[in-house]
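Hi there,

Here is the structure I promised to pass on. Please have a look at it, and then read my notes below.

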Amino acid sequence: MPTGPVAEPPAGELSGIVVLCDYAGSVARIRERFPTVEVIDITGGVTPGTRGDVLFGGWSPNSIAAVASGVRWVQLMGTGIDRVPPEVRAVPLLTTARGASAPAISEYVIAAMGACARNFPENWLREAPEHWNIQPARLLAGDTVGLFGFGGIAQRVARIALALDMSVAALRRTKTPSPIDGVTLVHSIQDLVSVADHLVLAAPATDSTRHVINAETLALMKPGAHLVNIARGSLVDQEALRAALDNGTIGRASLDVTEPEPLPPGHWMYEHPKVFLTPHSSWVGPPPFAASTELFCDNLQRFLAGGPLEGVVGPDGY
């Protein structure tokens with residue numbers, strides 16, 4: 001990842017561009033890489049009369065106000081667009097930080113699968129066990145991880161899983177071949193869930209993915225299979241999941257996302273012994289949004305040069 005400043009755009013490139021930044025922690029880095037570009041911190045609000053061409057942000061009311069100032073390109077700080085306000089989604093050009101969180105989220109997935117295989121946290125000792133040298137556990141090696149969605153995050157998971165001698169099956173929206181040798185592409189969600197020991201959800205929240213994990217698909221899974229959701233809570237019918245956990249169809253659910261978020265106090269997921277929750281934090285890696293900021297700066301360099309941008313989002317959310 002680059003750390004030094006990028007040279008000032010050559011003559012003939014766009015000039016006078018104003019960048020509005022809705023995350024204070026990124027302002028200094030953007031200014032470092034583009035010392036001649038005006039960067040305005042809008043985390044405290046958008047001052048009346050402010051004009052902006054580019055927005056780095058996307059979710060807060062400040063971003064809505066920023067778009068009203070004339071912004072024609074929005075770079076989101078994250079990947080999903082399902083919670084982006086419609087005013088922001090309506091800009092002429094919308095891009096996401098695809099790939100920025102892949103290292104952190106893929107490590108979360110591997111950690112969750114490892115914890116499942118080694119039966120953590122149950123296997124942590126708090127008192128002397130009846131028998132030493134023996135615990136219930138299995139290996140990841142030889143297991144199959146099923147990937148619903150095959151973008152940057154899932155592809156990184158696949159590479160690590162293959163290195164751990166796991167088998168990898170994936171279902172992607174397009175029919176393009178796998179960029180990774182050793183990954184088996186399947187043609188339906190039914191084919192995917194039926195072979196997975198660990199099913200990882202890594203697809204956007206769209207009309208077509210809502211409740212893709214439901215009573216029907218859960219019933220096709222291997223007894224005791226492990227569900228990992230790092231996508232969106234809407235992909236899972238949570239009441240169907242509860243029934244599958246209770247009847248043993250699903251052995252464990254590692255969930256970083258839920259519906260709604262946050263879950264209200266007293267929700268059954270907090271207490272269920274087979275559910276392991278985190279607060280939509282799988283993306284976190286120090287420092288926050290550093291990778292997203294670098295991706296934005298790389299895209300800003302392309303924008304200033306009049307070139308095509310990375311991570312452009314279409315009307316279907318992809």
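Helices (H or I, at least four residues) and strands (E, at least two) are DSSP runs, numbered from the N terminus. This is a predicted model, where local features need pLDDT of at least 70, side-chain atom pairs count only at pLDDT 80 or more, and totals for chains, interfaces and linings use all residues. Residues are numbered from 1 along each chain as its sequence is written, and side-chain values use heavy atoms, with hydrogens and water left out.

Let's start with the prolines. Pro260 is found in the loop between strand 11 (250-255) and helix 9 (268-271). A cis peptide bond joins Pro260 to Glu259, with omega about 5°.

Next, the loop between helix 4 (102-117) and strand 6 (144-148), where you will find Asn123. Leaving out residues up to four places away in sequence, Asn123 touches Arg118, Gln135, Pro136 and Ala137; contact means heavy atoms within 4.5 Å.

Asn133 lies in the loop between helix 4 and strand 6. Its phi is near 75°, a positive value in a residue other than glycine. Is Asn133 buried or exposed? Asn133 has 73% relative accessibility, so it counts as exposed (over 50%).

Happy exploring!

Notes
Buried means under 20% relative accessible area, exposed over 50%, partly exposed in between (1.4 Å probe, protein chains only).
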